[in-house]
Amino acid sequence: MSVFIVDDDPMQAEMTKDTLAKFRNFSILTFGTGEEALKAIRTSGVNPDIVVLDYYLNSKDVDAANGLAVLRKLMELPNDPFVIMVSGQDRIEVAVNCIKYGAFDYVIKNESVFVRLEQVMKKILKERKLVQETKLYKLMFRLAIIGFFGLIVFILYLWLGLGLDILGSKNLGEVR
Amino acid sequence: MESNKVTDLTTLNQLSGGDSARKEKYIHLFLTMLPGQLESAQKASSDQDWPRLKNAVHTLKSQLGYMGVKKGQDLAQQIEKMADEQIQLEDIPTCMNNFVAICHQAEIELKAEIS
């Protein structure tokens with residue numbers, strides 16, 4: 001599973017990476033800006049399954065796109081990823097905006113940030129499993145429907161064939 | 001003398017899960033970035049470039065929190081708010097001086113921690 005960490009704070013990014021390293025099968029890439037992450041998606045074709053995205057991404061470059069703008073771009077992708085927004089902001093309107101634009105969850109950068117991040121990650125994995133199972137059940141249901149109608153057609157074919165045979169032999173008898 | 005410390009490594013110990021190598025790695029990262037970040041914040045403050053000051057102290061705020069520098073974190077939050085809302089701007093230089101002093105104290109304590 002491909003995971004992108006987008007944070008302009010190298011320490012936060014490293015701590016997040018170490019936290020997520022506990023999850024097996026995670027291939028983690030870190031980016032200092034949203035632009036770098038979006039460019040990697042465009043050029044390398046790697047589509048992240050999960051993105052841990054910082055809300056403020058302009059501590060070094062004031063012109064860098066903020067997390068909300070990056071979130072909106074990520075949501076335009078054909079296979080839009082699960083996005084976890086992280087921020088030092090505990091203002092409710094910031095969290096509401098993130099959810100409004102498609103973030104899966106919002107985590108505040110405080111002492112419990114990494115515990116929360118792990119919990120959200122587990123929630124995503126659970127949801128992802130459910131989505132995959134639903135897709136599988138839908139496929140199985142479609143196959144069952146196709147099979148059922150196929151069987152009906154086959155029975156009809158046999159029945160009609162048999163009917164025609166009987167009819168044919170009757171006709172032959174009449175001719176004789 | 002212990003009570004005069006500005007750092008409290010309880011949070012960092014929890015975050016590193018008792019792994020001393022991990023803890024040292026985070027302290028190293030913090031100590032490497034601190035001078036540049038402080039310089040950037042001080043320059044923004046003297047230039048009265050409030051958006052840049054807000055961004056500079058914003059990143060430091062989280063990092064100081066992980067290093068258990070509560071006083072520094074509170075001051076960073078206060079400066080961030082003043083710069084963001086452009087209020088009490090005349091208090092910013094004093095707050096910045098206190099903030100820099102706390103950060104330097106934290107730097108000394110953290111260097112001692114990993115030496």
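In the predicted model, strand E1 (residues 2-6) of chain A is joined to E2(A) by five bridges, and the two strands run parallel. Within this pairing, A:Val3 has A:Ile28 of E2(A) as its bridge partner. The pair belongs to an open sheet of five strands in chain A, arranged in the order E2-E1-E3-E4-E5 with parallel pairing. At the edges of the sheet lie strand E2 (27-31) and strand E5 (105-108) of chain A, each of which pairs on one side only. When direction is ignored, neighbouring strands of this sheet are turned against each other by 20° on average. Helix H3 (residues 67-75) of chain A lies across E1, strand E3 (50-54) and E4 of that chain, and the helix runs at about 160° to E3(A).

A:Val86 is found in strand E4 (residues 82-87) of chain A, and it counts as buried because 27 C-beta neighbours lie inside 10 Å, where 20 or more are required. When residues up to four places away in sequence are not counted, A:Val86 touches A:Val52, A:Asp54, A:Tyr55, A:Val107, A:Lys109 and A:Val113. For one of these residues, A:Asp54, the separation from A:Val86 is 32 residues in sequence, whereas the C-alpha to C-alpha separation in space is 4.8 Å.

Chain B, by its secondary structure, comprises five helices and zero strands, and the pattern read along its sequence is α-α-α-α-α. Its radius of gyration is 14 Å, close to the 13 Å given by the globule rule for 115 residues, so chain B is as compact as a globular protein of that length. The C-alpha trace of chain B spans about 40 × 25 × 20 Å along its principal axes. Of the 115 residues in chain B, 38% are buried. Among the contacts in chain B between residues at least 6 apart in sequence, 60% join residues that are at least 24 apart.

Where the two chains meet, the contact takes 16 residues from chain A and 17 residues from chain B. On the side of chain A that touches chain B, the largest share, six residues, is contributed by helix H1 (residues 10-20) of chain A. Sorted by class, this side of chain A has six nonpolar, five polar and five charged residues.

Key
Residues are numbered from 1 along each chain as its sequence is written. Chains are lettered from A and ligands numbered from 1 in the order in which they are written. This is a predicted model: local features need pLDDT of at least 70, side-chain atom pairs count only at pLDDT 80 or more; totals for chains, interfaces and linings use all residues. Helices (H or I, at least four residues) and strands (E, at least two) are DSSP runs, numbered from the N terminus. A residue is buried if 20 or more other C-beta atoms lie within 10 Å of its own, exposed if 12 or fewer, and partly exposed in between; C-beta atoms are placed from the backbone. Two residues are in contact if their C-beta atoms, placed from the backbone, lie within 7 Å. The radius of gyration is taken over C-alpha atoms; the globule rule is 2.2 Å times the number of residues to the power 0.38. Ala, Val, Leu, Ile, Met, Phe, Trp, Tyr, Cys and Pro count as nonpolar, Asp, Glu, Lys and Arg as charged, and the others, Gly among them, as polar. Two strands pair if DSSP finds at least two bridges between them. Axes are lines fitted to C-alpha atoms, for helices over the stretch in contact, and angles run from 0 to 180 degrees between N-to-C directions.
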